[in-house]
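Let's take a walk through a protein model together. Have a look at the fold, and then we'll go through it piece by piece.

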Amino acid sequence: MQKTICKVVYDTDAAQLIHKYTNGSFGDPAGYEETLYQMPGGQYFVYGNGGEASPYAEEKITRLAKTKVQAWIDEH
C-alpha cells in the first residue's frame, strides 16, 4: 500500500518491516494487524488492516515520530 502524507510517499513495498502485531485471528471481524515499517529515508509509519468491526476496517497508514517508535513497540 502507498500513501502520500505531507509530500512523503509511505510505501509498504519499499520499507523495511520492523515489528508486526496481530489482535484476534484470521476471519475475526474485530481482528486486525498493525505493522511498523521504516522507510529508507528513516521515516517510520504504521500500516493497519483488519476486519469490518476493527479499528482498521479500511487499510490505513499513519506516520510515527522516531521518538514514539520504542513506546509503540513496547505497547505491542
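This is a predicted model: local features need pLDDT of at least 70, side-chain atom pairs count only at pLDDT 80 or more; totals for chains, interfaces and linings use all residues.

Start at the hairpin of β1 and β2: two residues sit between its strands, and Cys 6 takes a positive phi near 50° there. A strand here is a DSSP run of E, at least two residues long, and the numbering starts from the N terminus. β1 covers residues 2-5 and β2 covers residues 8-11, and four bridges pair them in the antiparallel sense. To count as paired, two strands need at least two bridges found by DSSP.

Residues are numbered from 1 along each chain as its sequence is written, and side-chain values use heavy atoms, with hydrogens and water left out.

Now for the sheet. Four strands make an open sheet in the order β3-β4-β5-β6, with antiparallel pairing. At its edges you'll find β3 (16-23) and β6 (60-64), each pairing on one side only. Follow β3 to its antiparallel partner β4 (residues 32-38), and you'll cross seven bridges. In one of these pairings, Lys 20 has Thr 35 in β4 as its bridge partner.

Next, find Phe 45 in strand β5 (residues 44-50). Is Phe 45 buried or exposed? Phe 45 is buried, because its relative accessible area is 0%; the cut-offs are under 20% for buried, over 50% for exposed and partly exposed in between, using a 1.4 Å probe and protein chains only. Leaving aside neighbours within four places in sequence, Phe 45 is in contact with residues including Tyr 10, Ala 15, Tyr 37 and Ile 61. Contact means heavy atoms within 4.5 Å.

Phe 45 also belongs to the largest nonpolar core, which has eight residues in all, among them Ile 5, Met 39 and Tyr 47. Such a core is a set of buried Ala, Val, Leu, Ile, Met, Phe, Trp, Tyr and Cys residues joined through side-chain atoms within 4.5 Å. A second, separate core of six residues includes Leu 36, Tyr 44, Leu 64 and Trp 72. In soluble globular proteins, nonpolar side chains tend to be buried together.
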